[in-house]
Amino acid sequence: MTNQARHRISELTKEIRDHQFKYYVLDAPTITDAQFDSLLKELQALEAKHPELLEPDSPTLGVGGGFSTTFDQHDHIEKMMSLDNVFDIEELAAWFDRVEKESPNPKYLCELKVDGLAINLLYENGQLTRALTRGNGVTGEDVTLNVKTIAGLPHSLAGKKIPSLIEIRGEVFLPVAAFNQLNEELEEAGKQLFANPRNCAAGSLRQKDPRITASRALDVVVHGVGANEGISFVSQSDAYSQLKSLGMPTSERYKVCGTRSEVKEFIEYYNEHRHDVEHEIDGVVIKVDDLAEQKKLGFTSRAPKWAIAYKYPPEEVTTKLLDIKVSVGRTGRVTPFAFMEPVKVAGSTVTNATLHNQEEIERKGVLIGDTVIIRKAGDVIPEVLGPVLDKRTGKERAFVMPTNCPECGSELRAITTGDVDIRCPNTQSCPAQLRERIYYIGSRAALDIDVLGLEAAIALLNDQIITDESELFDLTTESLTRSEFFTKKDGSTGKNTEKLLAALETAKTRPLWRIIVALSIRHVGPIAAKSLANNFGSMDAISKASVAELSDIDGLGETIAQSIVEWFTVDWHRNIIKKWEAAGVVMQAQAGEQLPQTLANLTFVVTGGLENFTRDSIAETITVHGGKAAAAVSKKTDYVLVGSDPGSKLAKAQELGVPIIDEARFLELLAGRG
């Protein structure tokens with residue numbers, strides 16, 4: 001039983017860290033908050049049952065934010081903590097019991113849990129001198145210039161009594177109305193939409209160009225204080241009052257409650273009115289109001305004991321499942337989706353929801369004609385949970401996965417043994433795959449080509465201006481006039497033509513990793529593409545790399561390596577690169593796109609836990625600074641970076657005589673102090 005628990009803890013730890021990286025660093029989560037909370041809760045329960053298996057670097061003990069390497073990093077003066085969560089009144093009552101055992105009859109401050117990006121604002125002698133993301137709680141990313149573009153945030157504190165130093169904690173968010181407007185504009189431009197306001201706020205705050213951040217209607221609300229000098233507070237509510245007098249944007253939606261029942265009333269009120277608030281919320285934060293009592297209660301390694309986040313359950317509604325259809329993606333994957341009677345959930349009307357694959361439909365027991373339960377917890381794509389069995393009439397029917405592609409007629413099949421997904425094998429000329437690939441090339445995830453949205457992709461193909469993506473950079477004013485989409489009513493050149501041709505010229509000089517992403521190689525996303533660009537430097541070198549050479553790059557692995565090698569064996573794939581290069585697309589890494597290459601030509605193997613890096617972020621840091629993050633120690637390894645509790649790689653390094661360094665030495669190399 002202990003071995004099973006150890007295995008599951010290892011699985012959960014890896015999965016949680018991966019999702020933390022996607023959420024906090026990439027601003028691109030792949031699961032809902034509720035699903036993440038469920039994973040974390042399962043890990044906490046297992047560790048509580050098997051305390052001997054609790055690792056010192058467990059995700060349950062850390063803040064979890066992590067940070068990327070795009071911005072400079074600085075330490076917070078006072079550690080920036082996270083919050084523990086409860087999900088029902090019973091769990092909240094248990095938290096009340098623990099608090100009141102140490103501090104009888106406390107007053108509680110209740111406030112809304114804003115679904116945004118945590119920020120730490122440092123004011124020195126009244127001036128905003130630095131703004132950091134939470135990062136890993138100790139170190140955050142410096143986003144000062146971008147934060148200063150937020151209209152509602154003062155650069156100087158107001159009033160006569162200005163503290164000499166104060167860290168003010170808050171949340172950057174995008175109002176729902178501004179989010180909807182921005183997505184409408186992106187959709188009109190044919191660009192990829194943001195998944196939700198939180199992702200949009202985080203992505204906007206991490207822009208390299210502050211002018212882009214300024215163009216987004218970001219806002220901020222403050223809710224706490226870190227290190228401070230020249231000011232004092234007696235309670236949380238007193239702090240809010242003083243922060244407001246200093247000119248800081250505090251929330252009006254908080255209440256000091258004297259009883260548990262008042263706290264529950266506050267929670268219930270905003271559960272009913274959560275869509276009446278200008279920003280998204282995912283719960284209520286309850287804090288002990290008195291600061292002396294807060295100090296008495298103290299902290300765990302990751303969160304204050306005097307505060308808790310009550311998370312609202314994902315919203316669920318029912319609607320009629322009219323049909324189950326399938327869509328064909330850019331890599332040929334055939335995905336069934338639910339087509340439903342329109343229903344409003346989580347503040348927006350939905351008609352479609354993904355069903356993933358045939359196996360998932362069977363597992364959920366969903367039939368066409370069912371009344372189904374839909375959940376949407378802050379994500380754009382809702383989820384079908386299952387049928388309402390009591391409402392079945394007997395007229396419902398089972399979904400049968402098509403055997404042939406609905407767009408090109410090719411026989412569908414699983415590409416690899418054991419794959420639950422079926423795919424259309426006609427990768428070159430299937431209209432759906434072509435359309436989706438061209439659309440993807442123009443998306444923000446790839447080459448970010450203005451005008452090249454889904455409608456433009458359809459026009460280019462339907463009007464036979466291009467036959468596939470290899471001809472994209474050969475477009476001319478003359479060829480585009482054959483399509484109504486690119487011309488005015490009188491047949492003259494339209495704005496779409498001018499914009500597209502100009503955007504294509506710009507796209508030719510995009511960073512190499514973006515060109516790689518635009519090729520739609522299966523399994524290769526931005527992280528893998530950046531590793532490829534930094535380790536090989538040119539498309540030609542990548543095309544000649546073996547599976548072994550590719551697999552040796554940390555973060556790729558054999559599956560991705562095999563996919564890359566197979567892609568380059570296909571004639572029409574190589575033709576895309578040949579024609580793009582002939583048209584002027586740059587196929588080499590450019591000096592301007594790189595961070596300082598302080599680790600150039602150095603190969604690192606990492607073993608053990610590090611203080612300032614997760615496994616994902618250390619590999620990313622090495623590769624973007626010109627080094628190679630290898631998975632195994634060999635004679636070609638330049639350094640083995642050793643953290644806490646190193647594994648067998650340390651012994652291998654000692655056996656081969658490979659230099660062994662600690663994290664402090666690595667940071668010196670990273671800074672160029674070789």
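This is a predicted model: local features need pLDDT of at least 70, side-chain atom pairs count only at pLDDT 80 or more; totals for chains, interfaces and linings use all residues.
**Figure 1. Overview of the chain, with its 24 helices and 20 strands.** Helices (H or I, at least four residues) and strands (E, at least two) are taken as DSSP runs and numbered from the N terminus. Of the 674 residues in the chain, 49% are buried, where buried stands for under 20% relative accessible area, exposed for over 50% and partly exposed for the range in between (1.4 Å probe, protein chains only). The accessible surface, computed by the Shrake-Rupley method with a 1.4 Å probe, comes to about 31,400 Å², and carbon and sulfur atoms account for 49% of that area. When contacts (heavy atoms within 4.5 Å) are limited to residues at least 6 apart in sequence, 66% of them join residues at least 24 apart.

**Figure 2. The largest nonpolar core, with 57 residues.** A nonpolar core is here a set of buried Ala, Val, Leu, Ile, Met, Phe, Trp, Tyr and Cys residues joined through side-chain atoms within 4.5 Å. Leu 475 and Trp 580 have the most contacts inside the core. Eight helices are listed as supplying at least two residues each, namely α12 (431–442), α13 (454–462), α15 (495–507), α16 (512–518), α17 (526–536), α18 (539–544), α20 (557–568) and α21 (571–582), and α16 gives the most, with 6 residues. Leaving aside neighbours within four places in sequence, Trp 580 is in contact with Ile 441, Glu 469, Ser 470, Phe 473, Ile 515, Ala 518, Leu 519, Val 585 and Met 587. In soluble globular proteins, nonpolar side chains tend to be buried together.

Figure 3. Most residues other than glycine have a negative phi.

**Figure 4. Helix α17 and Phe 536.** The buried residues of α17 are Ala 528, Ala 529, Ser 531, Leu 532, Ala 533 and Asn 534, whereas Phe 536, in the helix as well, counts as partly exposed because its relative accessibility is 22%. Apart from neighbours within four places in sequence, Phe 536 is in contact with Ala 541, Ile 542, Ala 545, Glu 549, Leu 550 and Ile 553. The C-alpha atoms of Phe 536 and Leu 550, which are 14 residues apart along the chain, are separated by 9.6 Å. Gly 537 follows α17 and has a positive phi, near 80°.

**Figure 5. The largest cavity, holding about 100 Å³ of space.** Grid points are joined across faces, edges and corners, and a volume is the space filled by probe spheres set on the points. The search of the whole structure finds 2 cavities of 30 Å³ or more. Lining the largest are Glu 111, Leu 112, Val 114, Val 221, Val 222, His 223, Tyr 240, Thr 250, Ser 251, Tyr 254 and His 279, and β3 (108–114) and β8 (219–229) each supply at least two of the lining residues. By class, the lining has 6 nonpolar, 4 polar and 1 charged residues, with Ala, Val, Leu, Ile, Met, Phe, Trp, Tyr, Cys and Pro counted as nonpolar, Asp, Glu, Lys and Arg as charged, and the others, Gly among them, as polar.

**Figure 6. Tyr 240, a residue of the cavity lining.** Tyr 240 is placed in helix α8 (residues 236–245) and counts as buried because its relative accessibility is 4%. Not counting residues up to four places away in sequence, Tyr 240 touches Leu 109, Glu 111, His 223, Gly 224, Thr 250, Tyr 254 and Lys 287. Between the C-alpha atoms of Tyr 240 and His 223, 17 residues apart along the chain, the separation is 7.2 Å.

Definitions and conventions: Residues are numbered from 1 along each chain as its sequence is written. Side-chain values use heavy atoms; hydrogens and water are left out. On a 1 Å grid over the protein atoms alone, a cavity is a set of points where a 1.4 Å probe fits but cannot get out, and a pocket is an open set with protein on both sides within 12 Å along at least five of seven lines; lining residues have an atom within 4 Å of a point.
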